[in-house]
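Dear colleague,

Please find below the structure that I am handing over to you, together with its sequence. My findings follow directly after it.

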Amino acid sequence: MIAIPDQVAAPFLEKLQKLYADMDAAYGTVAEGYGFHCTGCVDNCCLTRFYHHTHIEYLYLRQGFHHLTQGLRRKVRQRAAEVRRETAALEKTGGPVRLMCPLNAEGLCLVYPHRPMICRLHGPAHELHRPGRAVGYGPGCDAFTRQTEGKAYLPFDRTPFYMEMARIEAELKQTADITQRIKMTIAEMVETL
Ligand code: SF4
């Protein structure tokens, strides 16, 4: 779907990897501070229909996907098609859409080092600083709320990560002359990888 030559994408993918490393480090610090462990959660966040909005994350996910064996890629694509069909049926009924991400196999992410930003940041309570607006606070997931009951808030500011992501995306789009926007779920991405 997104045709960007590898040599054009490469420097941006390097910047993304650095950004992901910074996110993972910040997440690790805050999780350790709380004693929060993201394991064995029934209300799995991989059931959440997240949308992803950057071409650069799409390209990085594609890299991870193509590290999988051909057989596994085929299975994931089939599952992604099922998820899309089931999503369409649920949308018609107006019911909630909570379907397992096609990249989740037996509780594990098949592309863990290549997973998108929201999969990395989801969990802890966080804050967002937007120019000219009051600071926004997110409560964190249910498991986080349960595990950290009674503990004082530890600042987890997503703003610099969102800003750097926007910078990388804008530079990539300018360099590769991309004008369209992207808004895709993992299931939608997988079918095009
Ligand atoms: S990409 Fe990986 S971490 Fe993100 S929702 Fe899918 S399985 Fe879960």
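This is a predicted model: local features need pLDDT of at least 70, side-chain atom pairs count only at pLDDT 80 or more; totals for chains, interfaces and linings use all residues.

Just after helix H6, Asp177 adopts a positive phi of about 60°. Asp177 has this positive phi although it is not a glycine. Most residues other than glycine have a negative phi. Asp177 sits in the loop between H6 and H7, and with a relative accessible area of 66% it is exposed.

Glu106 is a further case: its phi is positive, about 50°, and it is not a glycine either. Glu106 belongs to the loop between strand S1 (104-105) and S2. Because its relative accessibility is 84%, Glu106 counts as exposed.

Helix H6

H6 comprises residues 159-176, that is 18 residues. From its first C-alpha to its last, H6 reaches 26 Å, close to the 26 Å expected at 1.5 Å a residue. The buried residues of H6 are Thr159, Phe161, Met165, Ile168, Glu169, Leu172 and Lys173. In an α-helix there are 3.6 residues a turn, so residues three or four places apart point the same way. Against which elements do the buried residues of H6 pack? Their partners are helix H1 (6-34), helix H2 (55-65), helix H4 (117-121) and strand S3 (126-128).

The largest pocket holds about 1100 Å³ of space. Its lining consists of 49 residues, of which Asn44, Cys45, Cys46, Asn104 and Cys119 are the closest to its centre. At least two lining residues come from each of H1, helix H3 (70-93), strand S2 (108-109), H4, helix H5 (142-147) and helix H7 (186-190). H3 gives the most to this lining, with four residues. Sorted by class, the lining of the largest pocket has 27 nonpolar, twelve polar and ten charged residues.

The second largest pocket has a volume of about 270 Å³. Lining the second largest pocket are Tyr51, His52, His53, Thr54, Glu57, Met117, Ile118, Tyr162, Met165 and Ala166. H4 and H6 each contribute at least two residues to this lining, and H6 gives the most, with three. The classes here are six nonpolar, three polar and one charged.

Overall fold

How many helices and strands does the protein chain have? There are seven helices and four strands, and along the sequence they follow the pattern α-α-α-β-β-α-β-β-α-α-α. The protein chain has a radius of gyration of 17 Å, close to the 16 Å that the globule rule gives for 193 residues, so it is as compact as a globular protein of that length. Taken along the principal axes, its C-alpha atoms fill a box of roughly 50 × 40 × 30 Å. Of the 193 residues in the protein chain, 41% are buried. Among contacts between residues at least 6 apart in sequence, 80% join residues at least 24 apart.

With kind regards

How values were computed
Residues are numbered from 1 along each chain as its sequence is written. Side-chain values use heavy atoms; hydrogens and water are left out. The expected span of a helix is 1.5 Å times one less than its number of residues. Buried means under 20% relative accessible area, exposed over 50%, partly exposed in between (1.4 Å probe, protein chains only). Contact means heavy atoms within 4.5 Å. On a 1 Å grid over the protein atoms alone, a cavity is a set of points where a 1.4 Å probe fits but cannot get out, and a pocket is an open set with protein on both sides within 12 Å along at least five of seven lines; lining residues have an atom within 4 Å of a point. Grid points are joined across faces, edges and corners, and a volume is the space filled by probe spheres set on the points. Ala, Val, Leu, Ile, Met, Phe, Trp, Tyr, Cys and Pro count as nonpolar, Asp, Glu, Lys and Arg as charged, and the others, Gly among them, as polar. The radius of gyration is taken over C-alpha atoms; the globule rule is 2.2 Å times the number of residues to the power 0.38.
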